[in-house]
Amino acid sequence: MADEPPCIILTLGQKEILTHATTAYAKATLERLLPALCMPDPEAFELGGRGTLRDSNVGRHVMGCRG
Amino acid sequence: MSAGMSWDAEDEADEAASGPMKTFFDERQFLRRQVLDFAFAALFHLLERALQRILHQADDVHSEGVLQGKKLRQFDEMCRVLARCGYDTTGLPFARDLDKLKLISNAVKHGQGVALYRLAKEFPELFLSREPTETLVFEHLSLTPELFTRLAASVADFWDSFPTQQPVLEG
């Protein structure tokens, strides 16, 4: 007779860590990483007009994106 | 330039700046897309890696009774082993999302290829509309932060539904 396959179980602690790690990664990506790369509106810089792109402008706009 | 307006040094500076500015915005757009796309791939990688470790550890504890000498290469294989060992995720609410995440991850990592075509066939809603004769390219795939949130919740559900050791009651 073939051996019964073993049951794979996690401890409550393991499960909690894995669930928490997933949620924390998603939260960090959505709330930190992506907002830090928030795309400024080219219109805000009058692209091709009199206003030219300056670091201070970009910094201010990106800070604004963090809301 | 309109007739009658003079072209001065400031205009010249603006014109010279507009090229680099466009490049800057294009690069930022590209960077943001890459980061979001690879966030899906990383989410799947974390799931796959953790599951692989759990199966290997269980295999060590049970004298190779879990893997039975087989090598684990793909997520689907891991799920089949897991089902044999008491946790069958087939038909559970998050199962289709995990399949979607796997295909997205492979499409992001490999670009044009089998995973992208399978993804387009099984989940056409993830793609921008295109003409029937237009060739499918990676740029048609449109991933959103909302989808990332949902798939991350499904991965969390996968772990949350994992069979757990019951605490030993005293007395």
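These notebook entries record what I looked up in a predicted model.

**Conventions.** I number residues from 1 along each chain as its sequence is written, with chains lettered from A and ligands numbered from 1 in the order in which they are written. Because the model is predicted, local features need pLDDT of at least 70 and side-chain atom pairs count only at pLDDT 80 or more, whereas totals for chains, interfaces and linings use all residues.

**Chain B.** I found five helices and zero strands in chain B, where helices (H or I, at least four residues) and strands (E, at least two) are DSSP runs numbered from the N terminus. The radius of gyration of chain B, taken over C-alpha atoms, is 24 Å, well over the 16 Å that the globule rule (2.2 Å times the number of residues to the power 0.38) gives for 171 residues, so chain B is more spread out than a compact globule. I noted that the C-alpha trace of chain B spans about 95 × 45 × 30 Å along its principal axes.

**Helix α1 of chain A.** This helix covers residues 12–36. I looked up its bend, which is about 35° at Thr29(A); the bend is the angle between axes fitted to the seven residues ending there and the seven starting there. The buried residues of α1(A) are Leu18(A), Thr22(A), Ala26(A) and Thr29(A), buried meaning that 20 or more other C-beta atoms, placed from the backbone, lie within 10 Å of the residue's own. In general, an α-helix has 3.6 residues a turn, so residues three or four places apart point the same way.

**Interface.** I recorded 30 residues from chain A and 40 residues from chain B in the contact, which is defined by C-beta atoms, placed from the backbone, within 7 Å.

Technical notes: Expected span 1.5 Å × (residues − 1). Buried ≥ 20, exposed ≤ 12 C-beta atoms within 10 Å, placed from the backbone. Contact = placed C-beta atoms within 7 Å.
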